[in-house]
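Here is a short briefing for a first look. Start with the sequence and the structure, then read the points by topic.

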Amino acid sequence: MMDFTTEKRLSIPARNAVLTSAPGKVILFGEHAVVHGRLAMAASIELRTTVHLHLNNRSVQLSLKNLPQSFEWTLKCLREVYKTRDAVCLSLEPVLDDELIQSLNRNILSQSEVDTPGGTSSLVFLYYCYQIVFPVHGVTGLSCEILSSIPSGAGLGSSAAYSTALAAACLSLVNRVNQPLLLDNQIELVNKWAFIGERIFHGNPSGIDNCVSSLGGALLFRDKTHHLINDLPQMPILLINSNVARNTKKLVEVVKDKLVKWPSVVEPILDGIQAIVQIATDTLKVSGDGESGKRYGELMKLCNMNHNLLNALGVGHPALDAIHSVCLSHGVANKLTGAGGGGCSLVFLPPNGALDVEAEIRSNLTNKGYKVIKSRVMCPGVQIHGGEG
């Protein structure tokens with residue numbers, strides 16, 4: 001057993017401060033089908049979460065700038081809870097310690113903190129502190145500031161970007177990852193820790209969000225395995241927030257219930273969605289200016305089919321259909337993205353600029369009360385921007 005009151009720690013060179021960031025994600029094709037063993041295609045987006053983490057001599061502090069919400073815990077309180085822990089905690093390997101989770105919820109986080117929007121975020125932060133930072137630095141003061149351009153609850157991977165950037169910051173603080181360029185095995189270590197954070201947030205996530213946030217670019221994902229797609233263009237997109245809250249877990253259950261009740265109907269729908277993923281992957285890879293118009297026309301048809309198949313599964317929403325109708329009237333490729341039932345809708349902008357079409361869509365949807373965000377896909381994954389030794 002280890003006693004943190006004596007400040008025992010691993011003998012590893014460490015840093016004093018670090019700045020990291022990680023991107024959000026968008027599901028291009030394959031929503032819900034991926035839950036049932038089919039392929040999904042996802043890509044990183046420009047929107048990012050940034051983490052600034054540094055040592056101090058006072059307390060452990062977390063500032064969630066977007067909420068805004070702040071937490072602070074005394075070192076005495078942390079040491080009392082962490083007095084004796086099994087030595088396995090010193091391995092710095094990604095594990096989910098249910099006993100530690102229970103201890104944090106019981107002894108560190110007050111009920112008022114747990115019930116706040118940032119309650120789970122603070123739990124993930126404290127978990128990383130104990131499992132990654134404290135074994136090297138001892139139970140020491142930390143200050144952490146989180147700032148994100150990713151809207152939460154919109155299906156754009158905000159929790160995964162948080163977990164990924166924070167895991168990278170903690171691992172960098174204890175010199176487990178390089179800066180500024182991470183090696184492949186270091187990215188995979190960040191990815192594994194980010195998945196632990198996602199499990200704390202969501203219980204049983206697929207792992208696609210943290211993979212995209214860690215690796216960047218685009219990938220095909222199935223059954224917790226991924227394959228990078230290296231030859232997609234950096235396509236401009238619009239993300240349309242329907243402003244409708246949705247519950248991902250309940251929407252997954254809707255599809256599952258239909259699959260159990262009518263497998264002969266739902267299985268072909270899921271197979272059809274996977275076929276769209278495969279065809280869309282090849283369509284998006286096609287290059288050459290002479291083919292761009294034809295390729296975009298095919299993409300628009302694939303989006304329309306995917307959107308309607310998801311509606312057939314029961315995960316659509318009138319707001320998403322209203323957005324889809326506006327996009328169709330302007331001749332642009334659009335579909336719901338993520339769990340559905342609200343959240344965001346995805347627009348692939350036409351090639352060669354088409355600024356007039358973009359402006360018309362933006363004006364039309366904004367006037368209807370929807371929030372329009374311009375972004376692009378195939379952006380870099382987790383990054384370490386700097387730190388102090």
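Which residues have the most contacts inside the largest nonpolar core? They are Leu53, Trp73, Leu78, Phe125 and Phe134, in a core of 54 residues. This is a predicted model, in which local features need pLDDT of at least 70, side-chain atom pairs count only at pLDDT 80 or more, and totals for chains, interfaces and linings use all residues. Residues are numbered from 1 along each chain as its sequence is written, and side-chain values use heavy atoms, with hydrogens and water left out.

**Cores**
- A nonpolar core is a set of buried Ala, Val, Leu, Ile, Met, Phe, Trp, Tyr and Cys residues joined through side-chain atoms within 4.5 Å.
- Buried means under 20% relative accessible area, exposed over 50%, and partly exposed in between (1.4 Å probe, protein chains only).
- The largest core has 54 residues, and helix α4 (residues 119–137) gives the most to it, with twelve residues.
- A second, separate core has 48 residues, including Leu28, Ala161, Ile237 and Cys327.

**Helices**
- Helices (H or I, at least four residues) and strands (E, at least two) are DSSP runs, numbered from the N terminus.
- In α4, 18 of the 19 residues are buried.
- α4 bends by about 40° at Tyr130; the bend is the angle between axes fitted to the seven residues ending there and the seven starting there.
- Helices α5 (residues 158–173) and α6 (residues 184–202) pack at about 130°, with axes 8 Å apart. Axes are lines fitted to C-alpha atoms, for helices over the stretch in contact, and angles run from 0 to 180 degrees between N-to-C directions.
- α5 and α6 are therefore oblique to each other. Angles under 35 degrees count as roughly parallel, over 145 as roughly antiparallel, 65 to 115 as roughly perpendicular and the rest as oblique.

**Cysteines**
- A disulfide is a pair of cysteine sulfur atoms within 2.5 Å, and the count comes to zero.
- Cys170 is buried at 0%. Its closest cysteine sulfur, in Cys129, is 5.5 Å away, too far for a bond.
- Cys379 is buried at 4%. Its closest cysteine sulfur, in Cys344, is 16 Å away, again too far.

**Backbone exceptions**
- Most residues other than glycine have a negative phi, and most peptide bonds are trans.
- A cis peptide bond joins Leu67 and Pro68. Pro68 sits in the loop between β4 and β5.
- Asn175, in the loop between α5 and α6, has a positive phi near 65°.
- Met378, in the loop between β13 and β14, has a positive phi near 70°.
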